[in-house]
Amino acid sequence: MTIRNSFIVTILPLIFLAACGESPKEKQKSIVQEEVKKDSVQIDSSEIKKEEKEKFVLTEENAIDFFFEYQKDLKADKVKITTRFGSFTVQLFDNVPYHKANFIYLTRKGYFNETQFHRVVKNFIIQGGNSDDRKTGRKRSEIGRYLLPPDTRKGHKHHRGVISMPSSEIDNPHMLASPYEFFIVVTKPGSYHLDGEFTPFGKVIEGMDVVDKINSVKIGEGDWPSQNIYIQKAEVIE
C-alpha cells in the first residue's frame, strides 16, 4: 500500500536538499526573519495594511530558510484537531524541526480548518489536509507552493498513532513531501514498511479512539469517505 498525495507541484532542485544542512542565505535572511516575527507578535492596523500589500508567500527558494528561522524559538509542540467524531491531540517531535515548524505554521495560519480526512484505508491510515473545496486551493496559493525534504533518520518509526507526511505523486526520486497533507498510522503495532520512505514528525498522545472512529467509516471509490469528514478546527496548544 502506498501513501499518495494529490497536490501537484514543481520538483525542487537538488540545491534545495543541500540547503537543509546549511545556514540561511544572507540575501533572504532578513525577509524570513521579518515574516517569522509577524507570525509571533501582534501588529497594529497600519502594519496589517502594509503586510497585505507586501504579502509573504512561501516558495521552493525560500521555504527552508523560512522554517530554519521559524523553528529556532518555537516552543509549541502540540496541535489539537477537532472533527465531528471528537478531538485528538498530536505532539510533534523536536528533532524533526522543519516538519514540526511547517505543521505549527500551517495550523496558526488556519490552513487545516475545513480541510478533510480525504483518504481512509482500513487498518492502515487516515490521511488529511486536502479537500475538493476551492477555498482549500486558494489557501494553498496564498501560503505558497513548496515541498519539504525527507527527514527519515531521526530514529522514529511508523508505530500506531504516528503522524507522518506523504510524498508528492510527481516524478520524485528524493521523496520530497507535500507540506499540506499528513497521515496517521492506525495499524497495530505499526506500519513499519513505511520507515525510510516517509517522515514521521509526531504522534497522537490523546484521542486515538477518535482516529480509530475515522478509520472505521464507510468508504467509497479511491478510499474517500462516503460522508465527508471535515477538520472543524486545528489549534496549536501553547
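I took helices (H or I, at least four residues) and strands (E, at least two) as DSSP runs, numbered from the N terminus. The model is predicted, and I kept to its limits: local features need pLDDT of at least 70, side-chain atom pairs count only at pLDDT 80 or more, and totals for chains, interfaces and linings use all residues. Residues are numbered from 1 along each chain as its sequence is written, and side-chain values use heavy atoms, with hydrogens and water left out.

**Entry 1: T152**

I looked up T152 and found it in the loop between helix 6 (134-143) and strand 5. With a relative accessible area of 24%, T152 is partly exposed; on this scale buried means under 20%, exposed over 50% and partly exposed in between, for a 1.4 Å probe and protein chains only. T152 lies 47 residues from T199 in sequence, yet their C-alpha atoms are 5.1 Å apart in space. Leaving out residues up to four places away in sequence, I noted that T152 touches G196, E197, F198 and T199, where contact means heavy atoms within 4.5 Å.

**Entry 2: the sheet**

In what order do the 8 strands of the open sheet stand? I read the order as 3-4-6-5-7-2-1-8, with antiparallel pairing; two strands pair if DSSP finds at least two bridges between them. Strand 3 (116-121) and strand 8 (233-237) are the edge strands, each pairing on one side only. On average, neighbouring strands of this sheet are turned by 30 degrees against each other, direction ignored.

I then followed two of the pairings. Strand 5 (residues 162-165) and strand 7 (residues 199-206) run antiparallel and are joined by 4 bridges, and V162 stands opposite K203 in strand 7. Strand 1 and strand 8 pair over 5 bridges in the antiparallel sense, with I237 of strand 8 as the bridge partner of K78.

**Entry 3: T83**

Is T83 buried or exposed? T83, which sits in strand 1 (residues 78-83), is buried, with a relative accessible area of 4%. The side chain of T83 reaches the backbone nitrogen of F85 at 3.1 Å. Beyond its neighbours within four places in sequence, T83 is in contact with F117, V210, I214, Y230 and Q232.

**Entry 4: helix 4 and helix 5**

I compared the axes of helix 4 (residues 63-70) and helix 5 (residues 97-108), which come within 9 Å and cross at roughly 90 degrees. Helix 4 is therefore roughly perpendicular to helix 5, a term that covers angles of 65 to 115 degrees. From helix 4, I64, F66, F67, F68 and Y70 meet Y98, A101, N102, I104, Y105 and R108 of helix 5. The residues of this contact divide into 9 nonpolar, 1 polar and 1 charged.

**Entry 5: backbone details**

Most residues other than glycine have a negative phi, and most peptide bonds are trans. E114 lies in the loop between helix 5 and strand 3 and is partly exposed, at 39% relative accessible area. D223, also not a glycine, has a positive phi of about 70 degrees, and I found D223 in the loop between helix 7 (208-215) and strand 8. The peptide bond from K188 to P189 is cis, with omega near 0 degrees, and P189 is placed in the loop between strand 6 (182-185) and strand 7.

Conventions. Axes are lines fitted to C-alpha atoms, for helices over the stretch in contact, and angles run from 0 to 180 degrees between N-to-C directions. Angles under 35 degrees count as roughly parallel, over 145 as roughly antiparallel, 65 to 115 as roughly perpendicular and the rest as oblique. Ala, Val, Leu, Ile, Met, Phe, Trp, Tyr, Cys and Pro count as nonpolar, Asp, Glu, Lys and Arg as charged, and the others, Gly among them, as polar. A polar contact is a pair of N or O atoms within 3.5 Å; within protein, one must be able to donate a hydrogen and the other to accept it, and residues adjacent in sequence count only if both atoms are side-chain atoms.
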